[in-house]
Amino acid sequence: MKTIYGPVASWRIGECFNADPICRSPKVCSFDCVYCKFGSAGFVSTKRCDMVDAEEFSDDVSHLTSQQKRIPLRFSGSGEPTMASNLGDLVSKARVAGVSTIVAVTNSSLLSMPDVREDLRDVDVVIAKLDAADEHDFQSINRPHPSVTYSNVLAGLRTMRSSFKGSLRLQIMLMERNRYGLEALGEICQDLSPDITYLSTPTRSSSCEPLSHKVMLSAARKLERKGCRVSVEGKL
Ligand code: SF4
């Protein structure tokens, strides 16, 4: 299994290459979100371990041409990227190989851990998930490992916001069960002050009904009134 593939189109960051520090099927994640594109099969865990070989990753990144290295490299993949305990090593190998922009997507569950924040230190853009405004919605939507609490996630995001030098962006998946908590989510966004907040809704292939584009745009207006810069999936 290749650790890097692409280019792929991302509505949030444009054309990018994907780096998968997990390379497992079924997924390895600390959450089991109701809308997960990988389905419910997999390991819900918080135990970090090496899942891809760093030398194999080095080989894969060295096969990118110099033009391809100017396209962002996004760490996402088959689960939660921060569960890879060699993530920092992989990021530094990509940097040494000459990749100009490194992006990491995370579900925010492990951001309260200093070693995870250290692994993300040299990343240019971190896109961190926050779907809920309280513990109840968090449990119902993200179905986390029992050791992960909502307050823990928020504390990790706050620490990340104050210590991370790159661009910290939020990703909110909006659906029927959390759209009524948007006012409270907006207040949390206001407090966290992310550089951009991305709003999306589950795709039709997931078990959750997507919201209409009209509802999504109205949700974006609410967040903008809180002073957030918002980008909506599918907005023309
Ligand atoms: S965090 Fe991502 S990979 Fe993990 S369950 Fe949720 S959607 Fe799936």
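## Overall fold

Of the contacts in the chain with a separation of 6 or more, 73% are made by residues 24 or more positions apart; two residues are in contact if their C-beta atoms, placed from the backbone, lie within 7 Å. The structure is a predicted model, in which local features need pLDDT of at least 70 and side-chain atom pairs count only at pLDDT 80 or more, while totals for chains, interfaces and linings use all residues. Residues are numbered from 1 along each chain as its sequence is written.

The chain contains eight helices and 10 strands, where helices (H or I, at least four residues) and strands (E, at least two) are DSSP runs numbered from the N terminus. Its radius of gyration is 17 Å, close to the 18 Å that the globule rule gives for 236 residues, so the chain is as compact as a globular protein of that length. The radius is taken over C-alpha atoms, and the rule is 2.2 Å times the number of residues to the power 0.38. The C-alpha trace spans about 45 × 40 × 35 Å along its principal axes.

Of the 236 residues, 41% count as buried. A residue is buried if 20 or more other C-beta atoms lie within 10 Å of its own, exposed if 12 or fewer, and partly exposed in between.

## Helix α8

Helix α8 (residues 213–225) has 13 residues and reaches 18 Å from its first C-alpha to its last, close to the 18 Å expected at 1.5 Å a residue (1.5 Å times one less than the number of residues). Met 216, Ala 219 and Leu 223 are buried in α8. Seen down the axis, the buried residues of α8 fall within an arc of 60°, so they line one face of the helix; the arc is that of the directions from the helix axis to the C-beta atoms.

The cover over these buried residues includes α6 (176–179), α7 (182–192), β9 (196–200) and β10 (230–232). On the face turned away from the buried side, α8 carries the exposed residues Lys 214, Arg 221 and Arg 225. Just after α8, Gly 227 takes a positive phi of about 90°.

## Thr 203

Thr 203 is placed in the loop between β9 and α8. Thr 203 counts as exposed because it has 11 C-beta neighbours inside 10 Å. Thr 203 and Lys 37 are 166 residues apart in sequence, yet 8.6 Å apart in space, C-alpha to C-alpha.
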